[in-house]
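This report describes how the parts of one protein chain are arranged and which side chains bring them together.

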Amino acid sequence: MADSDTPRVPQLLPDAVHQAVRPGTALLRLVTTHTREQVLDGAWWPRSRDIGAELPGLITALTEHLGPVLRVGLDASAWEELPTRLVIDDRVVHIESFPIGDDTVLITRGDQDHFSLLVVPPHATPEAARAAMARAVEAGNVTQAEQILIDTGTRRAHPVLAEEPRTGGKGGER
């Protein structure tokens, strides 16, 4: 039997977070255990909020090591534009919008095999991103994505809008 005839067994993803950031490079870490007992299965650090530019690198990396990805679930409010599907490496990947928060992406491979990844905000510093990604893949981690981002200083505070001055009654001042 030739090497090319040997069935390909999906492998775990390499730890790419310490490689130089290049356009189109998926900065990704996955849990290296097969038990998947953690809240999160890994972390992804996109370099922008342009899903059309960022998602192909992630899907290519996941497909190479884990097999075909069928669906991706994202929060539409976290991305510039969210199409319903993208063709990546000659495969259609369906994109679904869920109100899951901008700190999580859900990946579906196969019929029911789901992965939950922490999304490190593009504005994060390399040090903060590394810390958040490392925390997301810690063995036995049960911390939610939002708390990891808060703890590592990668969550940008939402601006608080100043309240408008109130007037005393209808149609004028008192």
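## Accessibility and the salt bridges

A residue is called buried when its relative accessible area is under 20%, exposed when that value is over 50%, and partly exposed in between. The model discussed here is predicted. With a relative accessible area of 28%, E96 is therefore partly exposed. The side chain of E96 forms a salt bridge with that of R71, at 3.2 Å from N to O. This pair links distant parts of the chain, for R71 belongs to strand 3 and E96 to strand 5, 25 residues apart. R71 has a relative accessibility of 33%, so R71 also counts as partly exposed.

How many salt bridges does a search of the whole structure find? The search finds three. One of them joins D113 to R109, with the closest N and O atoms 2.5 Å apart. R109 is partly exposed because its relative accessibility is 22%. Another joins D151 to R135, where the closest N and O atoms are 3.0 Å apart. That pair also links distant parts of the chain: D151 lies in helix 3 (residues 145-151) and R135 in helix 2 (residues 126-136), 16 residues apart. Both residues are partly exposed, D151 with a relative accessible area of 42% and R135 with one of 22%.

## Strands 4 and 5

Strand 4 (residues 85-88) has two faces: L86 and I88 are on the covered face, while R85 and V87 are on the uncovered one. Strand 4 runs antiparallel to strand 5 (residues 91-97), and four bridges join the two. Within this pairing, L86 stands opposite V93 of strand 5. The two strands form a hairpin with two residues between them, and D89 in the turn has a positive phi of about 55 degrees.

Leaving aside residues up to four places away in sequence, I95 touches L55, V72, L74, L82, P83, T84, R85 and L86. The C-alpha atoms of I95 and G73 are separated by 5.9 Å, although these residues are 22 residues apart along the chain.

Strand 3 pairs with strand 6 in the antiparallel sense, over four bridges. Here V72 stands opposite I107 of strand 6.

Strand 6 is also joined to strand 7; these two run antiparallel, with six bridges between them. L106 has S116 in strand 7 as its bridge partner. The hairpin of strand 6 and strand 7 has three residues between the strands, and in this hairpin G110 takes a positive phi near 70 degrees.

## The aromatic pair and charges over rings

A pair of aromatic rings is described by the distance of the centres and the angle of the planes. A search of the whole structure finds one aromatic pair. It is formed by W44 and W79, whose ring centres are 5.8 Å apart and whose planes meet at 20 degrees, so the pair is stacked. Because W44 lies in strand 2 (residues 42-44) and W79 in the loop between strand 3 (69-74) and strand 4, the pair ties together parts that are 35 residues apart in sequence. Both W44 and W79 are buried.

Arginine residues lie over two tryptophan rings. R49 lies over the face of W79, 5.3 Å from the ring centre, and R47 lies over the face of W45, 3.9 Å from the ring centre.

In soluble globular proteins, nonpolar side chains tend to be buried together. The largest nonpolar core in this model has 24 residues, among which W44, L55, V72 and I107 touch the most other members. The elements that give two or more residues to this core are strand 1 (28-30), helix 1 (51-66), strand 3, strand 4, strand 5, strand 6 (104-109) and strand 7 (113-119). Helix 1 gives the most, with seven residues.

L55 touches W44, V72, L86, I88 and I95, not counting residues up to four places away in sequence. There is also a second, separate core of 14 residues, which includes V120, A129, M133 and I148.

Terms used:
Residues numbered from 1 in each chain as written. Predicted model: local features only at pLDDT ≥ 70, side-chain atom pairs only at ≥ 80, totals over all residues. Heavy atoms only, no water. Buried < 20%, exposed > 50% of the residue type's maximum accessible area, 1.4 Å probe, protein only. Pairing = 2+ DSSP bridges. Contact = heavy atoms within 4.5 Å. Phe/Tyr/Trp six-rings, centres within 6.5 Å; stacked < 30°, edge-to-face > 60°. Lys NZ or Arg CZ within 6 Å of the ring centre and 35° of its normal. Salt bridge = Lys/Arg side-chain N within 4 Å of Asp/Glu carboxyl O. Core = buried A, V, L, I, M, F, W, Y, C linked by side-chain atoms within 4.5 Å.
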